Amino acid sequence: MAKRTFSTLEIFLIFLFVLMTGITVALLSLLFVTSGTTENHTGFPTTQIPPATQGPTAIQASPTPSTPEPTLFQNFSGYHIGVGRADCTGQVADIILMGYSKTGQNARGILTRLYSRAFIMAEPDGSSRVVFVSIEIGMVSQRLRLEVLNRLQSKYGSLYRRDNVILSGTHTHSGPAGYFQYTTFVIASEGFSNRTFEYMVAGIMKSIEIAHTNMKPGKIFINKGNVDGAQINRSPSSYLRNPQSERARYSSNTDKEMVLLKMVDLNGDDLGLISWFAVHPVSMNNSNHLVNSDNVGYASYLFEQEKNKGYLPGEPSMCIAMGPGQDMLDSTQIIGRIIYEKAKELYASASQEVTGPLASAHQWVNMTDVTVWLNSTHTAKTCKPALGYSFAAGTIDGFGTLNFMQGTTVGDPSWDSIRDQILGKPSEEIKECQKPKPILLHTGELSKPHPWHPDIVDVQIITLGFLAITAIPGEFTTMSGRRLREAVQEEFATYGMLNMTVVISGLCNVYTHYITTYEEYQAQRYEAASTIYGPHTLAAYIQRFRVLAKAIATDTVANLSSGPEPPFFKDLMAPLIPNTVDRAPVGTTFGDVLQPANPKYRVGEVVEVTFVGANPKNSAENQTHQTFLTVEKYEVTSATWQIMHNDASWETRFYWHKGLLGHSNATIQWHIPDTAQPGTYRIRYFGHNRKQNSPKPAVILSFESTPSTFDVVTTW
């Protein structure tokens, strides 16, 4: 087939077309529709409480901490345990949702808030400690981790470091984007949102600070069990590429085991739990526009509500694809409840105590230049990052919008020509290294305005006695995860640490897409096309994690090199959606009721009120109100209004409808649950509007609205 050439005008028009139809889906980004093979985690902290610096570097110095260390009681058997939770929701409007990378899937309101849950474990004498932070976001970006580490160093000195702090995303596909520094992800996010970035960093820091302040002696118990009916393998044909002898060792092409840690104080009172289970949070599909934590977050929500009866979700009290349902909300609840029920069962029966020392090991690795030993005589190398054609095809979780197909192993001359004329040609070296992947985007050779993908990534293990948590900077397929766990277990056993339980925590510290097995890579389905460092990526990770396991087992972590430090970029692309002044229609003001509630409702019905609104993203700057809404019940005996629900409650929905020239409406729904008691109720709206009187700078002003009441009755 003859290669077609394009005129300058044609190139320009094609470039505009690609932009208009979603460059994030085709040439300049990626589809983050990912498989359910990475171990995701839920965390349920249960406690009684719950300006950016430039250029973070490796934490090596030990300044005097500005926050005093809590006095730790030492004469006991167990660990000091601290747990904390904080809001990290960020922007809920005028920002792309991170996960599907679907053009036009902007946030337009909120279903549930997003939380950072921190768990700190320290030995009785305080000599060693580890931190695990579960964050309800799509994935942890390198910039996010570097900023958090920098602030931890400023606040606590060398207490919390790159080696003993894991930041892990739950992988909801319904959280805000905009917190990345590498160009591929910046374009997918339609810019860098400092507003959301700061909100997330502040939430992560606050959760760690709460956990640090509230450490107390306690014990940790572990339990395991299989979860059925909550997952499928999205690429079963790729899985079948793995050796039959290997597949025969397992009963399923998905990993059904849940591993759970139960944390209690010395009196046996609940402190919190962490569970790991390989499910993909895509019950909320790519038609969704409400910020939420998806099925894994719903499981956390249910457990925390169970442990915190009488408290609102998120209150600082005791803070603990299409699916099987009729719609995405129903599917989220079904899968989330399955996970919750198993976690609840395992939590109740957990009896095996975790004992032994705490340890941690970390290295930065240049994943573009790792020599992999295939056997005793032959080696191979990893590659500069590249995305294949099939990444743009998407998956059953959400298909791409252009004519790309999964399993593509041969490039298309037309697309290649467009790419070459816009971005330049990929080198022969990268094409040869990435075979059989046909390269759509040679991201490892693109550096403007900043590198398009990371070269330097984190590898990290923390251990609690016989439990090892491996922090994976991406998403493993089922067999990749099994191979890594087995290799790490073997390495520990070789050096005397027998019968280790190894869990994989995905989406940690920096995001690098997928990691398939070598055999799965040959099929070049979506996951393989998104394995950016080439066919030997998994083997390289296994080698590096073996090094960490050996260092911990032989007590030689101090001898590990830190590796090359990752960069911290400034001057990132600003969001494509500008800030605009909010305006109320003539004769109205913000919060005025446009559509009131009906006078009377029954259980199971939906209350809906529409207001004159303002852009919800303003509330990520001015946090005067901690919720966009409340549902309140009038208590006759005390003559007071009692808050029954807020915007973190599953029963509520907050929709924002954007109009022209700064005009907008806000609609609040309350799906009345079966547990609602008869009585008089009201719905309140809290917001912030942007006002500007030139030449003065814009100001963010708070407002609230209390419309008329309505009754919930059992019969008419």
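**Cysteines, a pocket and a helix**

A: Let's begin with a cysteine: Cys433 has 23% relative accessibility, so Cys433 counts as partly exposed. Keep in mind that this is a predicted model.

Q: Thanks! Which residue does Cys433 form a disulfide with?
A: Cys433 is linked to Cys383, and their sulfur atoms are 2.0 Å apart. The link is left-handed, with -90° about the S-S bond.

Q: And which parts does the pair tie together?
A: Cys383 sits in the loop between strand S15 (379-381) and strand S16 (387-388), while Cys433 belongs to helix H10 (residues 428-434), so the pair joins parts that are 50 residues apart in sequence.

Q: Is Cys383 buried or exposed?
A: Cys383 is at 1% relative accessibility, so it counts as buried.

Q: How many disulfides does the count come to?
A: The count is one disulfide.

Q: What about Cys88 and Cys508, what is their relative accessibility?
A: Cys88 is at 0% and counts as buried. Cys508 is also at 0% and counts as buried.

Q: Switching topic: how much space lies in the largest pocket?
A: About 940 Å³. The pocket is lined by 32 residues, and the closest to its centre are Tyr301, His645, Glu651, Pro673 and Thr675.

Q: Which elements give two or more residues to that lining?
A: Helix H7 (294-307), helix H8 (328-349), strand S29 (640-646) and strand S31 (664-671) do. H7 provides the largest share, with five residues.

Q: How do the lining residues divide into nonpolar, polar and charged?
A: There are 15 nonpolar residues, ten polar and seven charged in the lining of the largest pocket.

Q: OK, on to helix H9. Which of its residues are buried?
A: Helix H9 covers residues 413-423, and its buried residues are Trp415, Asp416, Ser417, Ile418, Arg419 and Asp420.

Q: What happens at the start of H9?
A: There, a side-chain oxygen of Asp412 comes to within 2.9 Å of the backbone nitrogen of Ser414.

Q: And which residue follows H9?
A: Gly424 does, and its phi is positive, near 95°.

Conventions
Residues are numbered from 1 along each chain as its sequence is written. This is a predicted model: local features need pLDDT of at least 70, side-chain atom pairs count only at pLDDT 80 or more; totals for chains, interfaces and linings use all residues. Side-chain values use heavy atoms; hydrogens and water are left out. On a 1 Å grid over the protein atoms alone, a cavity is a set of points where a 1.4 Å probe fits but cannot get out, and a pocket is an open set with protein on both sides within 12 Å along at least five of seven lines; lining residues have an atom within 4 Å of a point. Grid points are joined across faces, edges and corners, and a volume is the space filled by probe spheres set on the points. Helices (H or I, at least four residues) and strands (E, at least two) are DSSP runs, numbered from the N terminus. Ala, Val, Leu, Ile, Met, Phe, Trp, Tyr, Cys and Pro count as nonpolar, Asp, Glu, Lys and Arg as charged, and the others, Gly among them, as polar. Buried means under 20% relative accessible area, exposed over 50%, partly exposed in between (1.4 Å probe, protein chains only). A polar contact is a pair of N or O atoms within 3.5 Å; within protein, one must be able to donate a hydrogen and the other to accept it, and residues adjacent in sequence count only if both atoms are side-chain atoms. A disulfide is a pair of cysteine sulfur atoms within 2.5 Å.
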